[in-house]
Structures are given as structure tokens and as C-alpha cells.
Amino acid sequence: MWARIIFCTAVILATIAVILLALLSPPVSHKKSPSRPWLDLSLYIQQPRLSTSNTHLVPREGAKAFIFRRVLTEGPESTSRIVGKAQGFVVPVEQFEQSAFDVMYLTFDTPDHSGSLSVQAMDVAQKDNAKFKVVGGTGSFAFARGVAVFTQTDKPSNHVFETYHVKLQLEFPNHSHKLLR
């Protein structure tokens, strides 16, 4: 009989404890965790400044792919400070629409950012405004994800290659707070 009394008392006390905890505990927020750090960058891709005029690489008519090497600058002027390189492999849209092989690597070497980003074509149907997705990075950009929008800033002439404005919006995992200064 004592065993039944002890058992029933324990069940009643446990039930009261659960009810009191539910009523008196602070409310739990079901909001999403704080948003991950974001970094917005605005850069320009330009033809490197070279000393000779015969070094321009022009894709041949009917080429199936184009490999390029350009510089990243802070501003649109050809005298702007160089902050890195842009290298890539592009299959022209006319040949292979929405190609998964349109890949670009942006390499940075500045006091604030050192590392690289890998970007892959998402929407290149509009020639003057191409959208790429950031699929990863190294160094300061480790584990980066986001979007890179390339906008042509000028039309090329006979001896000048086009300049592109690049807007990067990068998202980082929560442990990368040190990147944002």
C-alpha cells in the first residue's frame, strides 16, 4: 500500500513540476537565428595595363569557348588601384545557353581582403547584365555564398576591351564575424 501512495505522490509532484515550469519559464522565441554576416563589394573588371599594343587577346570568330585574364580595380578609371585578378572560362551564350561551364575566379590581394571567390553563371541571357552565383571562396572569403552581378560599363572600341562593374553580395557562416570591420 505504501508503494502505491509513494508512486501516486511522485506522479502528482512530477505533473505539478511540469505545469509550473511551463507557466513560469521565460517565453522561447521561435524567430530565426540572427542573420549571417553580409559583405557588399563594388569592383571593376578591366583589361590589364600592358606596355605593348600587340598583347590584346581577341577571341576568334566562331570560337566555342573564351578564356580570359583581367584585373580587378576599385574604380572604373584605367588608373584605379588594382585589388586583384579576374580569370575565367566562358562558353558563349549563343553556343551553349545557360552553360554550367561559365566559371570565373576573382582573386583579391589587399590589406582588407586576401583570398578568392568562385562564381558560376546563373543568368547570362542579358548581354549587358549577367548574374553569377558565388559558390565558394578561400582566405577572407572562405565558405562565401551569394550573388555577383556584372554590368557592362562601356562599349568596346577597336583597341579597348569592355569594362565591367561587379557588384558582389556575399553571405558568410556565423563564425566569420571577423570579416566585417
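Helices (H or I, at least four residues) and strands (E, at least two) are taken as DSSP runs and are numbered from the N terminus. On this basis A144 lies in the loop between β6 and β7, and the chain as a whole holds one helix and eight strands, which follow one another from the N terminus in the order α-β-β-β-β-β-β-β-β. The structure is a predicted model, in which local features need pLDDT of at least 70 and side-chain atom pairs count only at pLDDT 80 or more, whereas totals for chains, interfaces and linings use all residues. Residues are numbered from 1 along each chain as its sequence is written, and side-chain values use heavy atoms, with hydrogens and water left out.

The confidence of the prediction is given by pLDDT, the predictor's confidence in each residue, from 0 to 100. The chain has a mean pLDDT of 76, and 69% of its residues reach 70 or more. Confidence is highest in strand β8 (residues 164-171), at a mean of 91, and lowest in strand β5 (residues 114-123), at 84. Two stretches call for care in reading. Over residues 52-56 pLDDT stays under 50, and the model has four contacts beyond four places in sequence for them, a contact being defined as heavy atoms within 4.5 Å. Over residues 175-181 pLDDT likewise stays under 50, and there the model has 11 contacts beyond four places in sequence.

Accessible areas were computed by the Shrake-Rupley method with a 1.4 Å probe, and for residues only the protein chains shown count as cover. The chain exposes about 12,700 Å², of which carbon and sulfur atoms supply 60%. A residue is called buried under 20% relative accessible area, exposed over 50%, and partly exposed in between (1.4 Å probe, protein chains only). Of the 181 residues of the chain, 30% count as buried. Among contacts with a separation of 6 or more, 50% are accounted for by residues 24 or more positions apart.

The helix, α1, spans residues 2-24 and includes I16. Helix α1 is hardly covered, since the count of buried residues among its 23 residues is zero. I16 itself counts as partly exposed because its relative accessibility is 43%. Together with I12, L13, I19, L20, L23 and L24, I16 forms a nonpolar patch on the surface, with about 730 Å² of accessible area in total. Such patches are made of residues with over 30% relative accessible area and no salt bridge, like charges being joined within 9 Å and nonpolar side chains (Val, Leu, Ile, Met, Phe, Trp, Tyr) within 5 Å.

A salt bridge is a side-chain nitrogen of Lys or Arg within 4 Å of a carboxyl oxygen of Asp or Glu, and by this rule the count comes to one. The side chains of E74 and R81 meet in a salt bridge, at 2.7 Å from N to O. E74 is partly exposed because its relative accessible area is 42%, and R81 is partly exposed at 43%.

Strand β4 (residues 103-109) contains L106, which is buried because its relative accessibility is 0%. Leaving aside residues up to four places away in sequence, L106 touches I45, L72, K85, A86, G115, S116, L117 and L168. L72 stands 34 residues from L106 along the chain, yet their C-alpha atoms are separated by 7.9 Å.

The loop between β6 (129-139) and β7 also holds F143, whose phi is near 65°, a positive value in a residue other than glycine. F143 counts as exposed because its relative accessibility is 56%, whereas A144 is buried, with a relative accessible area of 0%. Beyond four places in sequence, the residues that A144 touches are L117, V134, V135, G136, G137, E171 and F172. One of these, E171, is 27 residues from A144 in sequence and 5.7 Å away in space, C-alpha to C-alpha. In the loop between β7 (145-152) and β8 lies T163, which is buried because its relative accessible area is 8%. T163 and Q152 are 11 residues apart along the chain, and their C-alpha atoms are separated by 6.0 Å.
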